[in-house]
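Student: I have a structure open and would like to learn how to read it. Can you take me through some features?

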Amino acid sequence: MTDKKTIGIVGARGHTGSELIRLVAAHPGLELLFVSSRELDGQRVADHNDTWQGALCFENLDADAVAAKGADAVILALPNGKAAPFVAALDAARPETVIVDLSADYRFDPAWYYGLPELTRDTYAGQRRISNPGCYATAMQLAIAPLLDQLAGPPQCFGVSGYSGAGTTPSDKNNVALLADNLMPYALTGHVHEREVSARLGVPVEFMPHVAPHFRGITMTVNLWLRAPMSRDAVKARYEARYADEPLVEVVDEAPWVSRIAGQHGAQVGGFVMAQGNGRVVVVATLDNLLKGAATQAMQNLNRALGFDELTSIR
């Protein structure tokens, strides 16, 4: 393609940033204009990412410098609370630039499109400001949405993530030695993804996150109380109908394994175990927190905003 769209990534040092570079490298319609990282400033991208070829180097760019690059799209892969200066600079200098923000900073802002395509595709109307859902939040919503109108109470969600979800800044939640033979609970009430899903689905959701010693992948086990008894076949049929045309969501019969979704772009939803009386069902969803929980979903959103097929560069 001769008229490629240009893109920049801010916060490219992290695990998600690396996956984004891989997706851009495979995209026939995108040109990576810049990658910003304070820690890797001056180093060659190719030395840190085996899918990248060429002399492009990381740069340490502030908000004004990012806006001055004039990219068609910018992906913000920054920690929570860091996006605002970049958004303000782009609003002032480049309002036409598509921004995809991977943090939680704009997930509660009605002026931003909330980009979980399988559930919110119909509400996209050309918005240039896109908030990428959280990884846990994506798994929860995919597990709950087909039964949303049948719920008799708050869904209870037990989530387990690989330690890559804690980022690259050292902490207890990505300390491999501390996590060995362990399952670490944290933020057991009021987690930002609990609030995110409750706001998006319009029902209170109870979420209990944990970190495990594996590197990547989320298992989300969701307990759903039903207004009226349903057969297992009827429950499963709802999921199959809801996701029939979604290539990145696979409905499976048994509870999916996180080891089978690691490195994959999609999600699996299954289990559908009915309690006695058929008034309660347990559903399990798995996805890769770095891909469908972050980079892949960002690419889905970016593709649609720039006029490409939604799955371009996504295997």
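Predicted model: local features only at pLDDT ≥ 70, side-chain atom pairs only at ≥ 80, totals over all residues.

Student: Start with a strand. Which way do the side chains of β5 point?

Tutor: The general idea comes first. Side chains in a regular strand alternate between the two faces of the sheet. Now take β5, residues 98–101. Val98 and Val100 point one way, Ile99 and Asp101 the other. All of them are buried.

Student: Which strands pair with β5, and in what sense?

Tutor: Strands of a sheet pair through backbone hydrogen bonds, parallel or antiparallel. Here, β5 pairs with β4 (residues 73–76) in the parallel sense, over four bridges. Val98 in β5 is the bridge partner of Ala73. β5 also runs parallel to β7 (residues 129–131), joined by three bridges. There, Asp101 stands opposite Ser131.

Student: What do β4, α3 and β5 make together?

Tutor: They make a β-α-β unit, and it is right-handed. The helix in it, α3, covers residues 84–93.

Student: Now the seven-stranded sheet. What is the order of its strands?

Tutor: Read across it: β9-β10-β8-β11-β14-β13-β12. The sheet is open and its pairing is mixed. β9 (184–185) and β12 (249–251) stand at the edges. Each has a single partner strand, so one side of each lacks a neighbour in the sheet.

Student: How do β11 and β14 pair?

Tutor: They pair in the antiparallel sense, over eight bridges. β11 spans residues 218–225 and β14 spans residues 280–287. For a landmark, find Val222, which stands opposite Val283 in β14.

Student: Last, the largest pocket. How much space lies in it, and which residues are closest to its centre?

Tutor: The space is about 1400 Å³. Of its 49 lining residues, Ala77, Leu78, Pro79, Asn80 and Gly167 are the closest to the centre.

Student: Which helices supply at least two residues of the lining?

Tutor: Look at α1 (15–25), α5 (135–144), α7 (192–201) and α9 (291–306). The largest share, three residues, comes from α1.

Student: How do the lining residues divide by type?

Tutor: Count 19 nonpolar, 24 polar and six charged.

Key
Residues numbered from 1 in each chain as written. Heavy atoms only, no water. 1 Å grid on protein atoms, 1.4 Å probe; cavity = no way out; pocket = protein on both sides within 12 Å on 5 of 7 lines; lining within 4 Å. Points joined across faces, edges and corners; volume = space filled by probe spheres on them. Nonpolar A, V, L, I, M, F, W, Y, C, P; charged D, E, K, R; others polar. Buried < 20%, exposed > 50% of the residue type's maximum accessible area, 1.4 Å probe, protein only. Pairing = 2+ DSSP bridges. Right-handed = clockwise from strand over helix to strand, strands pointing away.
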